Amino acid sequence: MAEDTPASRRDSEKEARKRDGSGWYRNGAMKPDEPEETAIDLDWVLINELGQFGRFQIINVILLVFPIIAHAFLSEYVFSASAVTHRCKIPECGETGGSGYELFPEWILNAVPSSNGQPDSCSRYAPAGNGSLEYCPVTVFDQAFTQECDGFVYERTNSVVYEFDLGCQEWMRALAGTLSSIGTLLVLPITGYISDKYGRRVALCINLFNLALFGLIRAFSVNYPMYLVLQILQTTLGAGTYSAAFILGAELVGPKYRVLTGSTCLSTFAVGHITMAGIAWLVQPWHSFIMTLYIPCFVMIVYYWCISESVRWLLSKERFDEAKAVLEKVARVNKTKISEKSMQALLTPAPEKENQTDNSNGLVYTIFKSPILLRRVCTTPVWWIATTFVYYGLSINSTGLPGNMYVNYMLVAAVEIPAIYTAVLLLDRVGRKAVLTTGFLLSAACNLVFAFIDNNELVTLGLILFLMGKFGISAVFTSLYIYTSELYPTQFRHTLLGFSSMVGRIGSITAPLTPALAVYWAGIPSVMFGAMGLLASVLVLTQPETLGCKMPDTLAEAEAIGRQKKKTVTSAL
């Protein structure tokens with residue numbers, strides 16, 4: 001016989017209540033299979049009524065694929081400002097016109113110094129006579145003296161290097177990529193403000209318009225400074241396209257499908273890079289190439305009228321009439337129904353909390369007071385710097401591999417797709433640390449080996465090593481957001497994740513400069529990528545595993561990760 005206790009009597013009284021025909025308790029509490037304390041929020045409605053990933057969400061994500069692809073076009077400087085093989089122009093040998101001369105005629109080694117049989121790009125022997133294009137003997141030059149080039153002969157013309165005569169100015173050429181990365185840092189607070197103040201849809205359309213407008217104007221640059229200024233303006237005012245599209249797509253997807261949605265966005269970004277390389281291959285003049293990329297982007301401004309605003313944002317701003325219209329549209333398209341009770345719960349303003357958490361100590365004080373948190377704050381930004389440095393560095397340097405630079409770039413972008421889904425499959429099976437450490441070490445090992453092989457002789461091996469290095473770092477990139485966020489308490493999670501990500505931009509800002517170092521030794525960039533990967537992999541080992549651990553809400557819980565028995569979080573839904 002069951003023991004008669006106050007708790008059991010209360011349970012019996014609850015079970016004794018009879019439901020009326022509406023399916024609710026007579027006292028209007030809630031459905032019998034709902035926990036009494038369950039609050040109805042948007043996630044609950046998506047799971048139980050509207051559908052987590054129905055037809056509406058699928059259409060929404062498909063539409064947002066195109067802005068994400070357009071965002072990948074911001075890396076077009078890899079081709080429009082790509083390095084071009086060149087040498088000094090030799091007027092004494094008949095090269096007195098503008099262009100169209102053979103890059104390496106038979107007499108070239110008579111006119112310029114060489115290293116391992118390769119003509120020097122930036123110097124020539126002093127003139128001592130005159131020859132012709134067909135015949136220019138060694139006697140035309142005084143090989144005891146060298147001098148800088150007065151002009152250049154270029155291998156191809158589809159780059160700003162030829163257009164603006166940037167021969168032997170490798171650091172200046174690489175500045176286009178650096179300024180682009182600086183712009184992606186500056187855009188974060190701008191897009192964040194617009195997104196939170198005026199809505200995700202407005203932020204998306206503004207970024208798309210700026211991306212298209214400044215990209216189109218840049219196609220008509222009359223000099224390199226104009227090209228650079230428009231480059232940083234374009235990314236500063238238009239590089240928020242990805243984040244705006246991602247948030248707009250993810251905020252209406254149920255919890256079960258958010259990882260899938262995020263993986264789809266990352267894969268689409270890789271598809272954008274493949275698409276960009278294909279267009280660069282087909283449309284060779286750099287002016288036409290840029291116009292081909294950005295003119296179609298103007299069409300996507302119609303998204304302001306085609307895509308619904310984020311329900312979460314509308315609810316947070318208490319724009320309840322618009323939120324109700326979107327929710328009803330979701331239900332209609334998904335062929336589901338949202339109950340009046342749920343609608344009322346969502347459209348009721350949340351009461352303001354009278355007693356807010358006291359944060360008087362401040363974030364900085366808390367960090368220095370906690371040695372564990374301090375170690376993490378010093379460690380996670382290094383992971384981000386290493387990841388962005390290697391990830392963007394490999395993409396940029398891929399155009400310098402032997403063979404077709406367009407095919408090489410497409411392969412390096414395509415390998416990201418299996419890496420993304422491999423990371424997603426392994427994160428919840430082998431753990432966060434294992435995925436990150438393995439990814440960093442794989443990338444580091446491949447880069448270090450690549451640095452010391454002859455890529456011109458072992459072309460296939462070199463390409464495989466390069467692709468495996470990109471595979472490893474892409475898997476890391478996919479996992480880094482999750483692991484970093486799980487190490488910090490709720491109170492400071494967003495701030496410290498954002499801090500790590502922003503400091504990590506140091507890697508993406510410096511990565512475009514690495515090809516300039518290859519002038520001194522071709523293996524320098526790969527050695528740097530390998531060293532950063534090794535450093536980051538060691539630092540990963542200093543932090544605890546978070547797989548199966550409860551997401552820390554307090555500082556004490558964050559400090560206890562790794563010291564407590566793992567506790568798997570079970571959904572209350």
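This is a predicted model: local features need pLDDT of at least 70, side-chain atom pairs count only at pLDDT 80 or more; totals for chains, interfaces and linings use all residues.
The link between C122 and C168 is left-handed, with -110° about the S-S bond. It is a disulfide, with the two sulfur atoms 1.9 Å apart; the term here covers a pair of cysteine sulfur atoms within 2.5 Å. C122 sits in the loop between strand 3 (118-119) and strand 4, and C168 in the loop between helix 6 (160-163) and helix 7 (170-198), so the pair links distant parts of the chain, 46 residues apart.

Residues are numbered from 1 along each chain as its sequence is written, and side-chain values use heavy atoms, with hydrogens and water left out.

How accessible are C122 and C168? C122 is partly exposed at 34% relative accessibility, and C168 is partly exposed at 32%. For these words, buried means under 20% relative accessible area, exposed over 50%, and partly exposed in between, with a 1.4 Å probe and protein chains only.

The count of disulfides is 3. C88 and C149 form one of them, S to S 1.5 Å. Its torsion about the S-S bond is -55°, left-handed.

C93 is in the loop between strand 1 and helix 5 (108-111), while C136 is in the loop between strand 4 (123-127) and strand 5; the parts tied together are 43 residues apart in sequence. C93 and C136 are both buried.

Which pairing results when the bonded cysteines are numbered in sequence order? The pairing is 1-5, 2-4, 3-6. As for C297, that cysteine is buried, at 2% relative accessible area.

Now the charged pairs. There are 12 salt bridges, where a salt bridge is a side-chain nitrogen of Lys or Arg within 4 Å of a carboxyl oxygen of Asp or Glu. In one of them, R258 meets D43 at 2.4 Å, N to O. R258 is in helix 11 (residues 258-282) and D43 in helix 2 (residues 42-50), 215 residues apart. R258 is partly exposed at 29%, whereas D43 is buried at 17%. A network of salt bridges links D43, R258 and R312.

R218 and E76 form another salt bridge, 2.2 Å from N to O. R218 belongs to helix 8 (residues 200-218), and E76 to the loop between helix 3 (55-72) and helix 4 (77-80), 142 residues apart. R218 and E76 are both buried.

Helix 8 also holds R200, whose side chain meets that of E251 at 3.0 Å, N to O. E251 is in the loop between helix 10 (241-250) and helix 11, 51 residues from R200. R200 is buried at 11% relative accessibility, and E251 is buried at 17%.

Last, M226. This residue is in helix 9 (residues 224-238) and is partly exposed at 27% relative accessibility. Not counting residues up to four places away in sequence, M226 touches I217, F220 and S221, contact being heavy atoms within 4.5 Å.

How values were computed: Helices (H or I, at least four residues) and strands (E, at least two) are DSSP runs, numbered from the N terminus.
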